[in-house]
Amino acid sequence: MDSLLDKSAKTRQAALQSLRLAFSSKTLSEFLLERRLMLTDSLEKCLKKGKGEEQALAGTVLTLLCLQMGSGPEGEEVFRSLKPLLVSVLTDRVASPSARQSCATALGMCCYIAAADLEDLISCLSCLEGIFSPASTGEGSSAPTQHGPLHCSALQSWSLLLTICPPSHIKSILDNRWLKLPPLLSSSSVALRILAGETIALVFELAQDMEEDLGHQDTEFLRAQLKVLATESNKYRAKTDRRKQRSIFRDILRFIETGEYQEETIRFGLECMYLDSWARQRTYQAFKEVLGSGIRHHLQNNELLREIFGLGPPLVLDAAALKASKVSRFEKHLYNSAAFKARTKARSRVRDKRADVL
């Protein structure tokens, strides 16, 4: 933390990288409680005076600091003090794309965690919408093609905040503003197309929860778009992109037509949780993107995350329970050998030329 005030930009960047690693892999709320003001001031200077990579790292560390502080007065204080600066960098067209992208993520995540007033929530939604909305390109194009990652981060943060919006504001979005999303399905970026599709599914889910009807002419055209993306086989797109896109858009189309969601199970330690809705999936993906491989540690130990996902207080396990939960290397070897043998037998039956092919 002391190195954040160093005159050398390389030293400051190295310090920010170390803080990012520490905050994402450990729970340090008590340690940071007394140092949050000093750290907030240092991050503010990095965001104001830094360039490019330094600003991007500062935005990520700020998000992790807010995550460590939680949704109480301390987290709200951190968010309120740096929100104007995050908005300033995000809306600055001269700033580097990586810095703007990081600030888009930080604005959405910090608002989700620590915003106490509805005004803060609505102003953040409006700011983020101005970034990914097709009109923001200023060229009259149907979908933004410049700064793809920036638009993805803004849309992800916007959809995350949508999950905590009051019904009155969601209704205004359902009335007309959600129609800004379908043009993004034509983007040249596969990540933006997929994120737009998932956000549309989230909007339909929120409409179902509020018993609002979106079944008008625009949704028929939308279904046609989704069917094309779920079956697209254009050779000019990369094979991996096509496969990923088809898989996700099949799930999106199935949900919009039948209301069925493909449930996913997340395991961490001795626990597991279920992602059984688009809102829950969006929340998990947002935290996973920020925490990386540290997501499992925080799901086990971070009280804020456990409260968000309804996991209850952290489990307290003694040494005997931890030892009993661990599988020995020999047992893993036996399990893998048995699974390999069964898989080989199953594939051999299918590959056998004498097998009946239906």
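Q: At what angle do helix 1 and helix 3 pack, and how far apart are their axes?

A: This is a predicted model, in which local features need pLDDT of at least 70 and side-chain atom pairs count only at pLDDT 80 or more, while totals for chains, interfaces and linings use all residues. Residues are numbered from 1 along each chain as its sequence is written, and side-chain values use heavy atoms, with hydrogens and water left out. Helix 1 (residues 9–25) packs against helix 3 (residues 36–49) at about 130°, with the axes 12 Å apart.

Q: How is such an angle classed?

A: Angles under 35 degrees count as roughly parallel, over 145 as roughly antiparallel, 65 to 115 as roughly perpendicular and the rest as oblique. Helix 1 and helix 3 are therefore oblique to each other.

Q: Which residues meet between helix 1 and helix 3?

A: Contact means heavy atoms within 4.5 Å. From helix 1, Arg12, Leu16, Leu19 and Phe23 meet Leu39, Leu43 and Cys46 of helix 3. By class, this contact has six nonpolar, no polar and one charged residues.

Q: What is the volume of the largest pocket, and which residues lie nearest its centre?

A: A volume is the space filled by probe spheres set on the grid points. For the largest pocket, the volume is about 320 Å³. Its lining has 16 residues, with Gln156, Ile194, Leu195, Glu198 and Lys244 nearest the centre.

Q: Which helix gives the most to the lining of the largest pocket?

A: Helix 13 does, with five residues. The lining of the largest pocket divides into six nonpolar, five polar and five charged residues.

Terms used: Axes fitted to C-alpha atoms, helices over the stretch in contact; angles between N-to-C directions. Helix = DSSP H or I, 4+ residues; strand = E, 2+ residues; numbered from the N terminus. Nonpolar A, V, L, I, M, F, W, Y, C, P; charged D, E, K, R; others polar. 1 Å grid on protein atoms, 1.4 Å probe; cavity = no way out; pocket = protein on both sides within 12 Å on 5 of 7 lines; lining within 4 Å.
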